[in-house]
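Please consider the sequence and the three-dimensional structure shown here. The paragraphs that follow lead through selected parts of the fold.

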Amino acid sequence: MTGNSKLIKEKVCNDIDKIKDELLTISHYLCNNPEVGFQEYKAAQALTDSLRNANFKVESGVCCLETAFIGSYGQGMPTIAFVAEYDALPVIGHACGHNLIASAALGAAIGLSKVIGDKLCGTVKVIGTPAEENGSGKIVMLQKGAFVGVDVAMMLHPNTCSMADDISYATRKVEFTFHGRAAHAAVSPWSGTNALNGVIQMFNLVDSMRLHVKDYARIHGIITDGGVATNIIPETAQAVFSIRALNSDYLEELVAIVRRCAQGAAIGTGTTFTDRVLGSGCLEVRNNKILVNLLQSNFTQLGEPIVERAFSQGIGATDMGNVTHEIPAIHGNIGLGEGLVLHTKEFAEKAASPAGDKAIITAAKVMAMTAVDILADPTILCDIKKHKVPLSNS
C-alpha cells in the first residue's frame, strides 16, 4: 500500500464515520419495517433517497423488478459495485441481517464517492438486488444485464465471525408430482392407484441413497400435497426437494439421483410422475482470491479479528454465487458474535443491536478500503481479472 492510498483510505473511513447516524437509522428502519422478497418498497425507497441525497444518479425499477435499483457516481472505468440485499424473512423479519448488508453497501459507496474525481478515477455503484431469500433477484438482474460493465462486485454478509472468504452450496429446487387413479378407499381401493404411495416411496429411496452421496451434499424435501380426504385414494400427490452440492457439476449428478428415486418409486407403486425445476437455483460462491487477500488485509488494518472459513461453520446458498461466476466478485462475512444461528429470532435481534451497528460501519469501511486499493493501483485490477477461479470448492 502506498502512502497516498493510505491517506485516501483514512479519508474514506472518516467520511463513513460522518454518515454513521444516517446508516444506522436506515438499518433500524429496515428492521422495523421488514419486507419479503420483491415487496421491499420501503427499503428501496429509503436506500435510493439516501443515494440521491449523496448526488448519486439513481435508476429505480431496473430489470423489470419494481424494488431493484442501481445508484451510480463518477464516470469512466473501472467500475466498482457494492451489492445490497434488503429483503426479510416471513414472520421473523431480518433474521439474516440483510438490513446490515444494505446499509454497509450504502456506506461503502458514499464513502468512496467522496474521493472519486478528486483523488481517484472510476465509477462507484450500489446495485440493489431484491429477493435473495426466495426469488434470486441477482440472477434475474444478471440475465438482464445489470452487472454488465462492472469490473468488481463486493458484499459482506453478517455471520458469527468476520471472514474474508466464503463457502456456499450450488442448489436446485425440484417439484415432483405423482399421478395415480382415484377410488373409494373403503369400497374399492383396488380400483385406485395411490399417488401418495409414490411420494412416500420416493422419500424412502432418497433416504437409502444418503450413504452414497459425497460429504456435505444435502437433499431435503417436504410433501406439499398428500391428498384431500382419507376415504379417497389420492389421484395426485406432490413433494418439493431442495438439492445442494459444493459445486454445480456434482449438483447435476445429485439431481439425476433424485430423479432416479422418483422413477423407482413410480415403477414400484404403479404411478407416474412429472417434475419441474422451481426458480433459477443458485451456483456456489467462487470468490476471486485476489479480492479475498485484499479484504483480509483491510480487515487487519481496521483491527477486526477474522477467522478462516470452514465447513464446520455451516453452509448456505446465495444468488451472489451466480455473480461470482460471471465477474470478479467477493461474498465475505462480517461478524456479529459467536453462538448465533442465522434465520432465528435471536439473529434478528442482534441485527438491530449495537453489535449490528458496529458491523455496518466496519463492513462499509473494509469494502471501501478494498475499492481504494483497486482504484489506486491499476495492476491490482489487472491481477484480479487474470485470476482464474477454481472449478470446484470440493
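**A lysine, a sheet and its edge strand**

Not counting residues up to four places away in sequence, Lys-125 touches Ile-70, Gly-71, Ser-72, Thr-79, Ile-80, Ala-81 and Phe-82, where contact means heavy atoms within 4.5 Å. Lys-125 belongs to strand S4 (residues 122–128); strands (E, at least two residues) and helices (H or I, at least four) are DSSP runs, numbered from the N terminus. Although Lys-125 is buried, it has no salt bridge, and Glu-59, the nearest side chain of opposite charge, is 6.2 Å away. Buried stands for under 20% relative accessible area, with a 1.4 Å probe and protein chains only, and a salt bridge requires a side-chain nitrogen of Lys or Arg within 4 Å of a carboxyl oxygen of Asp or Glu. Lys and Arg count as positive, Asp and Glu as negative, while His and the chain ends are not counted.

The model is predicted; local features need pLDDT of at least 70, side-chain atom pairs count only at pLDDT 80 or more, and totals for chains, interfaces and linings use all residues. Residues are numbered from 1 along each chain as its sequence is written, and side-chain values use heavy atoms, with hydrogens and water left out.

The sheet is open, with six strands in the order S1-S2-S4-S3-S5-S10 and mixed pairing; two strands pair if DSSP finds at least two bridges between them. Strand S1 (57–60) and S10 stand at the edges with a single partner strand each, so one side of each lacks a neighbour in the sheet. On average, neighbouring strands of this sheet are turned by 20° against each other, direction ignored.

S10 runs parallel to strand S5 (residues 152–159), and seven bridges join the two. Axes are lines fitted to C-alpha atoms, for helices over the stretch in contact, and angles run from 0 to 180 degrees between N-to-C directions. Helix H11 (residues 354–376) lies across strand S3 (79–84), S5 and S10, at about 160° to S5.

Why is S10 largely enclosed by the rest of the structure? Seven of the seven residues of S10 (residues 329–335) are buried, so the strand is largely enclosed.

Notes: Buried < 20%, exposed > 50% of the residue type's maximum accessible area, 1.4 Å probe, protein only.
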